[in-house]
Amino acid sequence: MKLKFLVSACAMSMLCGLSVGAQAAYPERPVKLIVPFTAGGPADNVARILSSALGQTLGQPLVVENRPGAGGVIGAAEVARAKPDGYTLGISNADSLITGPILVPTAGYDAAEDFTLISQVAMGRQTLVVNPEVPVETLPELVALAKEQPHLINYASFGPGSRPELIFGEVAAQSDVDWIGIPYKGMAQAVQDLLANRVQVALVPSSLAAEFEAKGLVRPIVVLGEERDPYFLPDVTTSVEQDLHTPIMDTHMWVMVFGPAGLPDEVSKKLAEAIQTALGTSEFQSQIRGAGHYAMPGHYGEQLQQEFLVEQDLIGGIVSRSMASAD
């Protein structure tokens, strides 16, 4: 009997040791990182920079897979359905995580309930730009022109619930101005029509605004938010400085790593720590700026959960009101 007890105790000890070892060994094979947008876009660019850095830290490759469609909903839903073992992750922005389930009722997920939020990675500042033929220098001047010549100003949109729709809708409601959104499937076609003056104004990443301004192709009129963009457009005033500001302008195009709900704490913690290590290096920060973003260290764990809920309430409320008014 005593021998049987000793054997059982040894077996239990070995099993516990194997369990601890298995947890500590994560990841033991390549990790799939799903981008719910096409290759070459902002989230995809960040994903490929991050996958290289994390592959070195974690000792296993992160394989980027693009799953575009339905404004990011298809790829995000695939992550929500994945086994919560840390081998299928997602990287995306507010468009697929927050607005997607509102605009696509069949999405089948709620970001606050069906995902484990791991860490913010990067964020991009947004700037309103106009075709150089439009005789304005600021957002208030653009609003005044639209009032003087109704239906003259068209803006590039990406459909209901997209960031341009929300921002221009908020400004229209605040300023009693009438302008028309022209829908596009992607940024490339929208910018092409902006340069041809088929649309007069567009919301673009600050990095792209700076690149096109240097070539004389667009005129940046306002950086959205409270602070100027110190790297890309330091001389362009903000919506707060121009005294035409709405709450949606305080949100930026962040990119976040997330996993399915129920991801083990030790896996989520290890991933967050690896991401924070990458974000703290000058090499990674330089690469992210080269892709038009800023690194976002420090946004993980409980702080990230709270920040996300605040933004979900803000954006979700604006999208819902926008859809209700359209009906």
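Which residues is Trp179 in contact with, leaving aside its neighbours within four places in sequence? In this predicted model, in which residues are numbered from 1 along each chain as its sequence is written, local features need pLDDT of at least 70, side-chain atom pairs count only at pLDDT 80 or more, and totals for chains, interfaces and linings use all residues. Side-chain values use heavy atoms, with hydrogens and water left out. With contact taken as heavy atoms within 4.5 Å, the partners of Trp179 beyond four places in sequence are Leu142, Val143, Ala146, Ile153, Tyr155, Phe168, Val171 and Ala172. Trp179 is itself listed, together with Leu97, Phe115, Leu142 and Trp254, among the residues with the most contacts inside the largest nonpolar core, which has 68 residues. A nonpolar core is here a set of buried Ala, Val, Leu, Ile, Met, Phe, Trp, Tyr and Cys residues joined through side-chain atoms within 4.5 Å, where buried means under 20% relative accessible area, exposed over 50%, and partly exposed in between (1.4 Å probe, protein chains only). A second, separate core comprises 32 residues, including Val35, Val255, Val257 and Ala278.

At the level of the whole chain, 12 helices and 11 strands are present; helices (H or I, at least four residues) and strands (E, at least two) are DSSP runs, numbered from the N terminus. The C-alpha trace spans about 95 × 45 × 30 Å along its principal axes, and buried residues account for 49% of the 327 residues. Of the contacts between residues at least 6 apart in sequence, 77% join residues at least 24 apart.

Leu194, which is found in helix H8 (residues 187-195), counts as buried at 1% relative accessibility, and beyond four places in sequence Leu194 touches Val129, Val130, Asn131, Val199, Gln200, Val201, Ala202 and Val218. Gln126, placed in strand S5, likewise counts as buried, at 9% relative accessibility; beyond four places in sequence, Gln126 touches Leu203, Val204, Pro205, Ser206, Val222, Val223, Leu224 and Met253.

The chain carries 20 positive and 36 negative charges, whose mean positions are 12 Å apart; Lys and Arg count as positive and Asp and Glu as negative, while His and the chain ends are not counted, and the place of a charge is NZ of Lys, CZ of Arg, CG of Asp or CD of Glu. Side chains of opposite charge can pair when their charged atoms come close. With a salt bridge defined as a side-chain nitrogen of Lys or Arg within 4 Å of a carboxyl oxygen of Asp or Glu, the count comes to 9 salt bridges. One of them joins the side chains of Asp85 and Arg29 at 3.5 Å, N to O. This pair links distant parts of the chain, 56 residues apart, with Asp85 in the loop between helix H3 (73-81) and strand S3 (88-92) and Arg29 in the loop between helix H1 (2-24) and strand S1 (31-35). Arg29 is partly exposed, its relative accessible area being 41%. Arg219 pairs with Glu137, the closest N and O atoms being 3.9 Å apart; the two are separated by 82 residues, Arg219 lying in strand S9 (residues 219-223) and Glu137 in the loop between strand S5 (126-130) and helix H6 (139-148). A network of salt bridges links Lys32, Glu65, Arg67 and Glu78.

Some features of backbone geometry were also identified. Most residues other than glycine have a negative phi, and most peptide bonds are trans. A cis peptide bond, with omega about -5°, joins Tyr26 and Pro27, and Pro27 is found in the loop between H1 and S1. Ala70, although not a glycine, has a positive phi of about 55°; Ala70 is placed in the loop between strand S2 (62-66) and H3 and is partly exposed, with a relative accessible area of 45%. His151, also not a glycine, has a positive phi of about 70° and lies in the loop between H6 and strand S6 (154-157).
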